[in-house]
Amino acid sequence: FREQPIFSTRAHVFQIDPNTKKNWVPTSKHAVTVSYFYDSTRNVYRIISLDGSKAIINSTITPNMTFTKTSQKFGQWADSRANTVYGLGFSSEHHLSKFAEKFQEFKEAARIAKEKSHEKMELTSTPSQESAGGDIQSPLTPESINGTDDERAMPEVTQNSEPRAEPTQNALPFTHSSTISKHWEAELATLKGNNAKLTAALLESTANVKQWKQQLAAYQEEAERLHKRVTELECVSSQANAVHTHKTELNQTIQELESTLKKKEEEIEGLKQEIENARELQAQRDSLTQKLQEVEIRNKDLEGQLSDLEQCLEKSQNEQEAFCNNLKTLLEILDGKIFELTELRDNLAKLIECS
């Protein structure tokens, strides 16, 4: 694990259309994690984002790269080695500013690392290496080929780009609703797992509270017994010094028991807070369950609308076919009438000639 993530955020990922070089093409259906990675072996910084098992961003930061904010929630940078421009749509302006600050910071670190690398090569290189005129680099895998020192000129992207990809006109509402339903089902499954863990922790905490209450009662009984014992010793014993010493020891024991009692009470308060948090998570789970049910109802309505549209389309096609058949019939009748009129004209012409 030579590469470690040093900063992560969530954003919608886009790439420039390779054909038009103007329009954005979304590469993720929803917001995904975008992370800065540092390779300590090669001393390079990379931006990596995965959508499932697919790498949708794998860009090495070079000193000549520039991250540009094109709107309050959208930013972009060009990667000439990948021959594309990446765009990120964030949920807030704060997240965009934080990502841009990290980009500038790691870009400066890459520049310093490159200068140090050049100085080291100049000190250690032989005359033959100096005449070769190329940078010495370790072999690169296909996954690590991203970014160069010379940025390729890319077209300016309009500043009205939205951080989320809008659906096309041909997309059906049913598909979008199914995607939302699957997303909420995944969220609900995660919450169910968390709820089971919290329930187990709650049961364990309740058992510990009962045990600590029993220990607390035992400590209180022990303290009362010790107080009574001190009183008996003060009344019965004639040796004042011995009694005083014993009383001091008992008082210290009582103080220790009171300190232990205070700690147990603090632990009980902490467990009460955990129980309250578990109840809040339960309320959130119920809310998400209700939202999922609403999405399912909406999904069924969209299915009904889609079925009605299909029936209307089929009916329209049948009516169009019937209309075409009627036109063909009329054309055939018209051809027959024209043929009859032609024969009639020929006959009349013959009669005129004969007369």
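Strands S1 (residues 3–16) and S8 (residues 84–89) pair in the antiparallel sense over four bridges; two strands count as paired if DSSP finds at least two bridges between them. Helices (H or I, at least four residues) and strands (E, at least two) are DSSP runs, numbered from the N terminus. Gln 15 stands opposite Tyr 86 in S8. The model is predicted: local features need pLDDT of at least 70, side-chain atom pairs count only at pLDDT 80 or more, and totals for chains, interfaces and linings use all residues. Residues are numbered from 1 along each chain as its sequence is written, and side-chain values use heavy atoms, with hydrogens and water left out.

S8 also pairs with strand S7 (residues 74–79), in the antiparallel sense and over six bridges. Along this pairing, Phe 74 stands opposite Gly 89, and Gly 75 stands opposite Leu 88. The hairpin of S7 and S8 has four residues between the strands, and Asn 83 takes a positive phi near 55° there. S7 is joined to strand S6 (residues 68–69) as well, by two bridges in an antiparallel arrangement. Here Lys 69 stands opposite Gly 75, and a hairpin of four residues joins S6 to S7.

How many residues of S8 are buried? Six of the six are, so S8 is largely enclosed by the rest of the structure. Buried means under 20% relative accessible area, exposed means over 50%, and partly exposed lies in between (1.4 Å probe, protein chains only). In a regular strand the side chains alternate between the two faces of the sheet. In S8, Thr 84, Tyr 86 and Leu 88 are buried on one side, and Val 85, Gly 87 and Gly 89 on the other, so both faces are covered. S7 is likewise largely enclosed by the rest of the structure, because six of its six residues are buried. Phe 74, Gln 76 and Ala 78 cover one side of S7, with Gly 75, Trp 77 and Asp 79 on the other.

The aromatic residues can be followed next. Rings of Phe, Tyr and Trp (its six-membered ring) pair if their centres lie within 6.5 Å; planes under 30 degrees apart count as stacked, over 60 as edge-to-face and the rest as tilted. By this rule the count comes to 14 aromatic pairs. One of them is the tilted pair of Phe 7 and Tyr 36, at 6.1 Å centre to centre and 40° between the planes. Phe 7 lies in S1 and Tyr 36 in strand S3 (residues 32–39), so this pair ties together parts that are 29 residues apart in sequence. Phe 7 is buried, at a relative accessible area of 16%, and Tyr 36 is buried at 0%.

Phe 67 and Trp 77 form another tilted pair, with 6.2 Å centre to centre and 35° between the planes. Phe 67 lies in the loop between strand S5 (54–60) and S6, whereas Trp 77 lies in S7, so the pair ties together parts that are ten residues apart in sequence. Both residues are buried: Phe 67 has a relative accessible area of 13%, and Trp 77 has one of 1%. Ring pairs link these residues into a cluster that includes Phe 7, Tyr 36, Phe 67, Trp 77 and Tyr 86.

Positive phi values also occur in two loops. Lys 21, which is not a glycine, has a positive phi of about 60° and is found in the loop between S1 and strand S2 (24–26). Lys 21 is partly exposed, with a relative accessible area of 23%. Asn 43, again not a glycine, has a positive phi of about 60° and belongs to the loop between S3 and strand S4 (44–51). Its relative accessible area is 33%, so Asn 43 is partly exposed.

Helix H4 (residues 240–354) holds Leu 327, which is partly exposed at 39%. Phe 323, Leu 327, Leu 330 and Ile 333 make a nonpolar surface patch of about 400 Å². Patches are made of residues with over 30% relative accessible area and no salt bridge; like charges are joined within 9 Å, and nonpolar side chains (Val, Leu, Ile, Met, Phe, Trp, Tyr) within 5 Å. A salt bridge is a side-chain nitrogen of Lys or Arg within 4 Å of a carboxyl oxygen of Asp or Glu. Accessible areas come from the Shrake-Rupley method with a 1.4 Å probe, and for residues only the protein chains shown count as cover.

The structure holds zero disulfides, a disulfide being a pair of cysteine sulfur atoms within 2.5 Å. Cys 324 is partly exposed, with a relative accessible area of 34%, whereas Cys 354 is exposed at 69%.
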